[in-house]
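Please keep the sequence and the structure at hand while reading.

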Amino acid sequence: MLQAIEQAKLAYAHGEVPVGAVLVSPNGDVVSRAYNRTEADGDPTSHAELNVIRQATGGLSGGWRLLDCTLYVTLEPCPMCAGAILQSRVGTVVYGARNTLLGADGSWIRMFDRERPHPFHPDVRVVRGVREEACGNLMKDFFRRRRARGA
């Protein structure tokens with residue numbers, strides 16, 4: 001998670017919403033790192049999770065299936081990112097802060113649901129609240145500064 005936080009800090013430094021992600025292979029190697037780039041890319045789908053998945057797919061022997069990989073992300077994934085996580089078959093999602101506006105793990109909608117699992121990927125594991133305070137503080141500080149600038 002510390003590496004994901006470092007990615008989030010890079011996003012912050014570039015004026016992006018500070019979300020960072022790191023994908024780790026089953027043997028513990030970092031496969032890819034990324035952060036939000038929606039402003040830089042002019043692309044609303046350029047979230048940290050999607051960027052890290054795009055970088056990783058094809059680079060592993062499993063192709064687009066990221067089975068048994070672990071995705072560390074500083075913020076609870078939104079529905080778009082949760083969909084990509086499920087479609088790419090990421091084995092475990094570890095996130096920091098809750099996303100109270102758009103979170104897809106129960107904060108707004110529940111897409112990682114054990115009682116009604118995804119038909120193609122029913123076994124996704126979710127670990128919540130890792131370094132939650134540090135991740136949340138980055139977001140709060142970013143938006144506090146943005147409001148102070150009137151943006």
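How do the residues of the lining of the largest pocket divide into nonpolar, polar and charged?

## The largest pocket

In this predicted model, the lining of the largest pocket is made up of 11 nonpolar, 6 polar and 4 charged residues. The space within the largest pocket comes to about 570 Å³, and of the 21 residues that line the pocket, V17, L75, N99, M139 and F143 are the closest to its centre. Helix α5, which covers residues 132-148, gives the most to this lining, contributing 4 residues.

Helix α4 runs through residues 79-88 and is largely enclosed by the rest of the structure, because 7 of its 10 residues are buried. The buried residues in α4 are C81, A82, G83, A84, I85, L86 and S88, and the elements that cover them include α3 (48-56), β3 and β4 (92-97). After α4 comes R89, which has a positive phi near 65 degrees.

## L71 in strand β3

L71 belongs to strand β3, residues 70-75, and its relative accessibility is 0%, so L71 counts as buried, the cut-off being under 20%. Leaving aside residues up to four places away in sequence, L71 touches A21, V22, L23, E49, V52, I85, V90, T92, V93 and V94. One of these contacts, V94, lies 23 residues from L71 along the chain, yet the C-alpha atoms of L71 and V94 are separated by 6.0 Å.

Definitions and conventions. Residues are numbered from 1 along each chain as its sequence is written. This is a predicted model: local features need pLDDT of at least 70, side-chain atom pairs count only at pLDDT 80 or more; totals for chains, interfaces and linings use all residues. Side-chain values use heavy atoms; hydrogens and water are left out. Helices (H or I, at least four residues) and strands (E, at least two) are DSSP runs, numbered from the N terminus. Buried means under 20% relative accessible area, exposed over 50%, partly exposed in between (1.4 Å probe, protein chains only). Contact means heavy atoms within 4.5 Å. On a 1 Å grid over the protein atoms alone, a cavity is a set of points where a 1.4 Å probe fits but cannot get out, and a pocket is an open set with protein on both sides within 12 Å along at least five of seven lines; lining residues have an atom within 4 Å of a point. Grid points are joined across faces, edges and corners, and a volume is the space filled by probe spheres set on the points. Ala, Val, Leu, Ile, Met, Phe, Trp, Tyr, Cys and Pro count as nonpolar, Asp, Glu, Lys and Arg as charged, and the others, Gly among them, as polar.
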